[in-house]
Amino acid sequence: MTRESLSAAEARRVALAAQGFRASARLRARRPFDPALERLHVLQIDSVNVFARSHYLPIFSRHGSYDSDQLDNHLWNSGEYTEYWAHEAAFIPVEDRPLFGWRMEEFRDRYAGQERYAALQPTLDRVREALADSGPQFVRELEEGPREKRGPWWDWSETKHAVEVLFARGDVVSIGREGFQRRYAIAEQVLPTPALIEVSREDAQRQLVEQAARSLGVGTLADIADYHRLKTADARVAVKALEESGILTPVSVAGWLKVNGSPEQAWIHRDAAVPSRLSPDALLTPFDPVVWFRPRAERMFDFRYRIEIYTPKEKRQYGYYCLPLMVNGVLAGRIDLKADRKNRELLVQAAWQEDRAPARTAEATQTLLARAAAWQGLESVSVSGVGNLALPNRFDPEAN
């Protein structure tokens with residue numbers, strides 16, 4: 001039955017189900033990342049490794065402990081995934097790479113005719129020729145000497161800037177990473193033919209909007225557009241077409257209001273479930289789709305979140321790298337974590353709970369931290385005491 005309205009709690013359950021937080025034990029018994037990757041569609045990559053690489057966390061949040069090396073092997077070596085600017089830098093199904101061809105063309109148009117990129121052309125030609133002739137390489141292998149002159153772009157060398165331009169334009173792809181450094185290759189030499197086909201901008205964006213709506217369950221136009229970083233005007237055209245075809249249905253959500261107080265229009269995907277009960281506990285990466293679009297996190301969970309990595313230490317409110325904390329399906333707090341691998345400790349540098357946090361938040365948090373420590377191969381959890389969420393000063397993951 002088509003739903004014309006949802007309560008705020010129903011909308012949260014729809015969103016969490018769509019994001020894979022109700023996978024069955026049978027699915028968990030297989031490779032735990034399969035159902036999560038299918039639900040998410042994009043897995044954002046980030047360089048911060050204070051606790052664990054960001055692309056590892058969404059799988060752990062939904063399915064618990066698993067082998068991160070197995071996930072990396074699947075992402076890089078199965079031939080099923082590739083990397084592109086899909087939200088930010090993200091893993092996507094390789095078969096969906098053509099859906100971003102219009103973005104590659106936008107990058108190409110953006111670079112064309114600009115003086116600073118015209119000056120980069122000899123380096124672009126040299127790098128492309130080197131990759132075509134010698135196969136996949138890291139930037140350090142492509143650079144002309146160990147101290148190649150740095151340019152004005154984030155202290156990048158000209159070679160580094162050239163490969164990033166080629167990557168954005170779709171001429172080259174990443175076929176793996178060492179640490180956080182990409183290994184580049186010519187797209188036509190390493191990608192399967194279906195990943196190189198052309199898809200019209202209209203068709204591609206309609207498919208991306210449908211996938212975003214499927215992954216979100218229910219969302220506003222801004223929510224849907226942000227998922228793959230589409231312009232609002234383009235997303236609106238696609239939403240209209242999907243509404244006319246019955247794939248998306250307009251729905252009102254209690255409490256979802258515009259700045260002027262009028263109701264915020266939303267859409268629900270025809271395959272979205274409305275669970276009668278869904279109350280997961282989870283630690284989330286700051287780059288999890290549940291929270292990566294901050295206006296949605298505020299509207300859906302009444303949770304204002306800002307990452308404070310780039311905030312001076314003395315001005316931070318919660319901590320350097322706080323993970324949003326979900327308890328009973330609501331965002332109940334934030335935990336600033338650091339893995340001390342030398343001493344095999346998980347350091348809880350700060351622990352905060354919201355005023356509306358469920359009564360069992362401390363208990364749930366201790367359990368989640370124990371699982372996180374065990375997953376990362378750490379032998380103890382040490383709590384600084386900073387913050388308003390009371391936890392034991394120290395505990396053993398095996399005891400929880």
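In the predicted model, the N-terminal end of helix α5 is capped by aspartate 67, a side-chain oxygen of which lies 2.9 Å from the backbone nitrogen of aspartate 69. The helix covers residues 68–77, and its buried positions are Ser68, Leu71, Asp72, His74, Leu75 and Trp76. An α-helix has 3.6 residues a turn, so residues three or four places apart point the same way. After α5 comes glycine 79, with a positive phi near 80°.

Strand β3 (residues 81–85) is mostly covered, four of its five residues being buried. A hairpin of three linking residues leads from β3 to β4. The two strands pair in the antiparallel sense over five bridges, β4 comprising residues 89–93. Within this pairing, glutamate 83 has phenylalanine 91 of β4 as its bridge partner.

A further set of pairings involves strand β10 (residues 266–269). Its side chains are divided between two directions, with Ala266 and Ile268 pointing one way and Trp267 and His269 the other, and all are buried. Strand β8 (residues 218–220) runs antiparallel to β10 and is joined to it by three bridges; here glycine 219 stands opposite tryptophan 267. Strand β9 (residues 248–253) also pairs with β10 in the antiparallel sense, over four bridges, and leucine 248 is placed opposite histidine 269.

An open sheet is formed by six strands in the order β11-β12-β13-β14-β15-β16, with mixed pairing. Its edge strands, β11 (282–283) and β16 (394–395), each pair on one side only. Strands of a sheet pair through backbone hydrogen bonds, either parallel or antiparallel. Between β12 (residues 322–327) and β13 (residues 330–340) the sense is antiparallel, and six bridges are present. Valine 327 has valine 330 in β13 as its bridge partner. Helix α16 packs on the sheet and touches β11, β12, β13, β14 (345–353), β15 (380–383) and β16; the direction of the helix makes about 125° with that of β12.

Asparagine 328 is located in the loop between β12 and β13. Its phi is near 55°, a positive value in a residue other than glycine. Most residues other than glycine have a negative phi. Asparagine 328 counts as partly exposed because its relative accessibility is 31%, between the limits of 20% and 50%. Histidine 41, in the loop between α3 (33–40) and β2 (43–44), likewise has a positive phi, near 70°, and is not a glycine. With a relative accessible area of 5%, histidine 41 is buried.

The buried residues of α16 are Thr361, Ala364, Thr365, Gln366, Leu368, Leu369, Ala370, Ala372, Ala373 and Trp375. Just after the helix, glycine 377 adopts a positive phi of about 75°.

In soluble globular proteins, nonpolar side chains tend to be buried together. In this model the largest nonpolar core has 95 residues, and those with the most contacts inside it are Phe51, Leu283, Ile335, Leu337, Leu346 and Leu369. Helix α16 supplies the largest share of this core, seven residues. Beyond residues up to four places away in sequence, leucine 337 touches Val50, Phe51, Leu283, Tyr321, Leu323, Leu346, Leu347, Val348, Gln349 and Leu369.

The loop between α16 and β15 contains leucine 378. This residue counts as buried because its relative accessibility is 6%, under the limit of 20%. When residues up to four places away in sequence are not counted, leucine 378 touches Ala339, Asp340, Arg341, Arg344, Glu345, Leu346, Ala373 and Pro397. Leucine 378 and arginine 183 lie 195 residues apart along the chain, and their C-alpha atoms are separated by 30 Å.

Note on methods:
Residues numbered from 1 in each chain as written. Heavy atoms only, no water. Buried < 20%, exposed > 50% of the residue type's maximum accessible area, 1.4 Å probe, protein only. Core = buried A, V, L, I, M, F, W, Y, C linked by side-chain atoms within 4.5 Å. Contact = heavy atoms within 4.5 Å. Pairing = 2+ DSSP bridges. Axes fitted to C-alpha atoms, helices over the stretch in contact; angles between N-to-C directions. Polar contact = N/O pair within 3.5 Å; in protein donor to acceptor, adjacent residues only side chain to side chain.
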